[in-house]
Amino acid sequence: MWWIIPANLGIFMLWGAIPGILLPQQITVLFGEADKVANLAIATTVGAFAAMIAQPIAGQISDRTRTRFGRRAPWMMIGALAGSLALAGLAFANTFIGVVIAWTLVQISFNFAQGPLSAVMPDRVPVARRGTFAALTGIGLMVGALGGFTLGSLFYNSVTVGYLVFAVLALVMLSLFVLFNPDYSSRDIQPEPFKLGDFLRTYWVNPAEHPDFFWAFTGRLLLYTGYFAVTGYQLYLLTDYFGVESPETIIPVLGLLSFAGILISTLVAGPLSDRIARRKPFVFASAAVVSLAFLLPWLWHDLMAWFIMTFIAGLGFGMFQAVDTALISQVLPSAKSFAKDLGVVNIAATLPQTLAPAIAGAIVLTVGYQGLFPVAIVLGILGALAVWPIRSVN
């Protein structure tokens, strides 16, 4: 139960630090201010599509892996090691093509670790405990993303060192999870026959065959996209929208505020949803809270609004993250392909985080920074409404 926190920390620190701080700063330093939004959009878009393809493939492979070390552990270690090496390459990349290739390899490698890791809950956690486990997962996820963003700010002027530090941290934390939580042998499990057509269809969540799975996927995709379109673009918002000259000095404070909100709501919402055996009300409430938070910097163009928004949005998003993971684990189509199905679902989590700068860049180039907030509010509300048709979960 508890080891899932540092395991998620190891991966999600990367998704918080790199696309949010290190990659934008690296692109700005190497290639200049003039084209930073467009260059960041290209790099993150290529990496995001690589992640979208990689995680279901990783899940399919791990579902079919047969070793005495289990189905998941070997690929967690292979992904972590390859990803750490790719991060070292990104640290020393000095051309735009080199940056894009290295970041894409980082995405592919760590998604090969994250896909099997996400299957731990349906593999090994009883349904009655999944709300609590999801809360712990959410803590690791969000503390990792926020901690990565905050820690990344410390390397604002030393991007190369930052990449190397995060590479070591991710490799160590995932290794510790595998070491202290050995998987069961999978040598006696009979795999289903592999059919390429069936596998390719996993990238399409069929609303007719698996409507609950489809709506859970859609809800997560919409709400995550709205949330990370704003928070994932925080560095450029601070410098260009609020006019902060030294954003690295206030990012740690913002990280603490967001962490406080997420921790409070995650610790309460996950266990409470187990106790009352209901998930949907928490999803609806989280969308309302996050939307209310995003109204502040849209209507009140002041840095104080951003501070207040950070805490309130943390409350809402922590509530969503704690409960939504448990909800999704209850609507997976097949017990024989948890990792593959969760790999598809996790596209809805990782894709918005990595693609958010590209989406935000398109909005900013079209209507300006103020356009981010109403788009995020609408996406968040639609994400909550998408959960309503789910019938197998209250």
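**Helix geometry and residue contacts**

Ser 258 is in contact with Leu 146, Tyr 227, Thr 310 and Gly 314, leaving aside residues up to four places away in sequence. The model is predicted.

**Ser 258**
- Ser 258 is part of helix α11, which covers residues 251–276.
- Its relative accessibility is 3%, so Ser 258 counts as buried, the cut-off being under 20%.

**Helix α12**
- Helix α12 covers residues 280–299 and has 20 residues, which at 1.5 Å a residue should span 28 Å; the end C-alpha atoms are 29 Å apart, in agreement.
- Buried residues in α12 are Lys 280, Phe 282, Val 283, Ser 286, Ala 287, Val 290, Ser 291, Ala 293, Phe 294 and Pro 297.
- Viewed down the axis of α12, these buried residues fall within an arc of 165 degrees, so they line one face of the helix.
- Leu 292 and Leu 299 are exposed on the other side of α12.

**Helix α15**
- Helix α15, residues 372–387, has 16 residues and reaches 23 Å from first to last C-alpha, close to the 22 Å expected at 1.5 Å a residue.
- Among the buried residues of α15 are Leu 372, Phe 373, Ile 377, Gly 380, Gly 383 and Val 387.

**Phe 31**
- Phe 31 lies in helix α1, residues 4–31.
- With a relative accessible area of 27%, Phe 31 is partly exposed.
- Phe 31 touches Asn 39, Asn 94, Thr 95, Phe 96 and Val 99, not counting residues up to four places away in sequence.
- Phe 31 and Thr 95 are 64 residues apart along the chain, and their C-alpha atoms are separated by 8.6 Å.

Note on methods: Residues numbered from 1 in each chain as written. Predicted model: local features only at pLDDT ≥ 70, side-chain atom pairs only at ≥ 80, totals over all residues. Heavy atoms only, no water. Helix = DSSP H or I, 4+ residues; strand = E, 2+ residues; numbered from the N terminus. Expected span 1.5 Å × (residues − 1). Buried < 20%, exposed > 50% of the residue type's maximum accessible area, 1.4 Å probe, protein only. Contact = heavy atoms within 4.5 Å. Arc of directions from axis to C-beta.
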